[in-house]
Amino acid sequence: MPTEPFERARSADAKRAREQAILQAARGEAQKRGIREITLTDIADAVGMHKSGLLRYFETREQIFLRLTAEEWRSWAEWLLPLLSSWRSASPLRLAAALSDTLVSRPLFCDLLAHTPLNLERNVSVDTVREFKLDVHTHVEAIAGELRRLRPGLTEPQAIDVIATATSMAGAQWQMATPGPELQALYRSDPRLRHAIVEVGPRLTRVLTALLTGMADAD
């Protein structure tokens, strides 16, 4: 069994450093094997702690991954917002492609998005969920503001619907597009199953383009 090779963090700075080490270990494991496969023990082993030591810093495995999800939301917004703010206007296709491309290029974010409502928000405290939701809301508001600037006919609820559609579909479609090796081989071996091979980017772009176009036509 792994043992904790360092003393418990005593100062606030030491605690934050320890939390970041745990988050980095969880991120590395998830990028290698996917969220579903990673246990609390796996994370503890990766960071060099006993599981009981890790629980001094995070209440559950889900809280660790919810923190990573918040980090990914922030990172996505920091990437997407400068791109959108550099444009004076944008067609539905251009906006759809920007949302799709910046999501698909972040596989860990897509994986986390699928697990957030199913698992990550369900085994943590109410305070943890509140903090997460308020953090995400800040990024959604900023992105929605840029969408409305570029597409003046969009209402605030419509802009939020576009973001919700983009992120929820990115999560769900990513899961469909990344089955295990055996299923991938099965889908490619039988022409009748080729529809199960999902190309996330093109599909997400098509759906978001249709959604944005439909919203414009409804004005």
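Okay, let's start with a pair of helices: helix H8 (residues 156-177) and helix H10 (residues 200-217) have axes that come within 10 Å and cross at roughly 160°. Helices here are DSSP runs of H or I with at least four residues, numbered from the N terminus. The axes are lines fitted to C-alpha atoms over the stretch in contact, and angles run from 0 to 180 degrees between N-to-C directions. So H8 is roughly antiparallel to H10, a label for angles over 145 degrees.

Before I go on: this is a predicted model, where local features need pLDDT of at least 70 and side-chain atom pairs count only at pLDDT 80 or more, while totals for chains, interfaces and linings use all residues. Residues are numbered from 1 along each chain as its sequence is written, and side-chain values use heavy atoms, leaving out hydrogens and water.

Back to our pair. H8 passes H10 in a right-handed crossing, meaning the near helix is turned clockwise from the far one by less than a right angle. Residues touching here, with contact meaning heavy atoms within 4.5 Å, include Val162, Met169 and Trp174 of H8 and Leu204, Leu208 and Leu211 of H10. By class, that contact has 14 nonpolar, three polar and two charged residues. Nonpolar covers Ala, Val, Leu, Ile, Met, Phe, Trp, Tyr, Cys and Pro; charged covers Asp, Glu, Lys and Arg; the others, Gly among them, are polar.

Now the second pair. H4 and helix H7 (residues 126-150) pack at about 15°, with axes 10 Å apart. They are therefore roughly parallel, which is the word for angles under 35 degrees. H4 passes H7 in a left-handed crossing, so here the turn is anticlockwise. Among the residues in the contact are Trp73 and Trp76 of H4, with Phe132 and His139 of H7. The contact divides into 15 nonpolar, five polar and four charged residues.

Let's stay on H4, residues 61-85, and pick out Glu72.

Last stop: Ala21, in helix H1 (residues 12-33). Ala21 is partly exposed, at 32% relative accessible area. Its C-alpha atom is 11 Å from that of Met49, 28 residues apart along the chain.

Conventions. Helix = DSSP H or I, 4+ residues; strand = E, 2+ residues; numbered from the N terminus. Buried < 20%, exposed > 50% of the residue type's maximum accessible area, 1.4 Å probe, protein only. Parallel < 35°, antiparallel > 145°, perpendicular 65-115°, else oblique.
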